Amino acid sequence: MLIDDTPALGRGFDRDGTAAAAFLSRMEDELAALPPKAERDPEQRRAAHTVTNAARLVRRRFIEQHAERVHGELTDGGRAPLRLHDLVDQATELWPGLVPTKAQQERERVLPQADKEGREVDLGIFFWGLLRDATAGDLLTEAMRRPTPQAMVALPAFRSTGFADLGVVTVRRVAGVSEIDLKNLPFLNAEDDIVVAALEIAVDLVLLDDATAVGVLRGGTMEHPRYRGRRVFGAGINLTRLYQGEISLLDFFLSRELGYINKIVRGLVTDRDDWLTDPVEKPWIAVVDSFAIGGGAQLLLVFDHVIAERGAYFTLPALREGIIPGAANLRLPGASGPRLARQMIFRDRRVDAGTPEAAALCDEVVDAGELAARTTAAADALADPAVLANRRMLRRFEEPEGRFREYMSWYALEQARLLHSPDLVANLERTWVGRHPGGKR
């Protein structure tokens, strides 16, 4: 199969949009004429690759040249802040073929990772283009820092009772300190799409609650036989869900970094009418029981104070799984130095609490029985009113928003490619699946 009429683009926004849509529609027809991915013979796989590659080239050229205009058309010139899914839904209406439709995404969602067509790569191209553009990217990251509708619904009850049960996450306020407990018990507090959504609501509640001065994140008490009765901070990504195709680029990888984690780092964007539009933010403490693996270790890099149980440890096994460890590649070199960062990312080096290397990831190491008292003491210190101004100054120059946005643009593209690489499934089957019950480490 030869693709000999790929549009060159560069003739203006409207003409490029029309040409791209026509070409992408034809490529969709070519792809639809082939059997599902799992049933293709070698020749059909080559044909699918040719068609898919040509379509992605056109998608990349279009969004690379017109990202600001695309975002403006989708958001009424930036006046309508839209989250990731809303942008995709709108884009399917205006430029058919630029991103997968909701129906296409839903069909992919129910397939094992190995059998997916890889339409999330097209989403990665789309958000690479939007995020790399300063105007569109800043508006997108700002939209993702707005409170979720679910949090606004739950807020009155939380303000009244000081408690919210979000299923896999609970939030409890005591004496001005709101503790988020992660309770994904069957999976040692591994994160998946459901956990990420619940954590974002919880973070919103803590930030919006006027009676809360400091937020705390801690893992709940486990029921797993090996850790029964013990708290666990986090086991990273839920590998079972990933292998089964139930971890998504939008709802996990991008929503996690642009959503609840960025809200912990930079606070909430609201519509307050003030001469200085500071975000709504709080200081944050992480309490690490047992271990912080993968995403758990990534989280520690954004907290203002980290207290670890003696005997706890930290690892970043993402490379063995075949993925990128969130924004650790951005943040860890500055915290630990480039050599330790490479050892943790490339070689899954384990760092034990209490060692000199662990100073990059935690502030205190105490016996398990002292964790509660040390958390209270740390919260008292962070409640000082001057902390927030100093926090803002540190953040502005330690990790400027433009630097984070640029990282996230390439993260969207690279993580999407890895998710649909044959190496990912091979790594999971070789390293975890079948050897670790339920995909748990």
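This is a predicted model: local features need pLDDT of at least 70, side-chain atom pairs count only at pLDDT 80 or more; totals for chains, interfaces and linings use all residues.
**Group meeting talk: a walk through the sheets and helices**

Residues are numbered from 1 along each chain as its sequence is written, and side-chain values use heavy atoms, with hydrogens and water left out.

Back to Arg-310. You'll find Arg-310 in the loop between strand 7 and strand 8. The numbering of strands and helices goes from the N terminus, and they are DSSP runs: helices are H or I with at least four residues, strands are E with at least two. The side chain of Arg-310 reaches the backbone oxygen of Val-365 at 3.5 Å. That is a polar contact, meaning a pair of N or O atoms within 3.5 Å; within protein, one must be able to donate a hydrogen and the other to accept it, and residues adjacent in sequence count only if both atoms are side-chain atoms.

Is Arg-310 buried, exposed or partly exposed? Arg-310 has a relative accessible area of 49%, so the label is partly exposed. For the cut-offs, buried is under 20% relative accessible area, exposed is over 50%, and partly exposed is in between, with a 1.4 Å probe and protein chains only.

Now the sheets. Strands of a sheet pair through backbone hydrogen bonds, either parallel or antiparallel. Here, two strands count as paired if DSSP finds at least two bridges between them.

Seven strands make an open sheet in the order 1-2-3-4-5-7-10, and the pairing is mixed. Strand 1 and strand 10 (364-366) are at the edges with a single partner strand each, so one side of each has no neighbour in the sheet. From one strand to the next, the twist averages 20 degrees; axes are lines fitted to C-alpha atoms, for helices over the stretch in contact, and angles run from 0 to 180 degrees between N-to-C directions.

Let's walk along this sheet. Strand 1 (residues 163-165) and strand 2 (residues 169-174) run antiparallel and are joined by three bridges. Ala-164 has Val-171 in strand 2 as its bridge partner. Their hairpin has three residues between the strands, and Gly-167 there takes a positive phi near 85 degrees.

Next, strand 2 pairs with strand 3 (residues 177-182), again antiparallel, over six bridges. Val-174 stands opposite Val-177 in strand 3. This hairpin has two residues between the strands, and Ala-175 takes a positive phi near 55 degrees.

Further along, strand 5 (residues 284-288) and strand 7 (residues 305-309) are parallel, with four bridges. In that pair, Ala-286 has Val-306 in strand 7 as its bridge partner.

There's another open sheet: three strands in the order 6-8-9, also with mixed pairing. Strand 6 (291-293) and strand 9 (351-352) are the edge strands, each pairing on one side only. Strand 8 (residues 313-315) pairs with strand 9 in the antiparallel sense over two bridges, and Tyr-313 stands opposite Asp-352 in strand 9.

On to the helices. Which residues of helix 6 (residues 134-143) are buried? They are Ala-136, Gly-137, Leu-140, Thr-141 and Ala-143. These residues cover an arc of only 160 degrees around the axis, which puts them on the same side of helix 6; the arc is that of the directions from the helix axis to the C-beta atoms. Among the elements covering them are helix 2 (42-74), helix 3 (84-94) and helix 10 (249-266). Asp-133 caps the N-terminal end of helix 6, with a side-chain oxygen 3.2 Å from the backbone nitrogen of Thr-135.

Last, helix 3 and helix 10 pack at an angle of about 125 degrees, with their axes 10 Å apart. The contact includes Leu-84, His-85 and Val-88 of helix 3, and Leu-254 and Leu-258 of helix 10. The two helices are therefore oblique to each other: under 35 degrees is roughly parallel, over 145 roughly antiparallel, 65 to 115 roughly perpendicular, and the rest oblique.

Conventions
Contact means heavy atoms within 4.5 Å.
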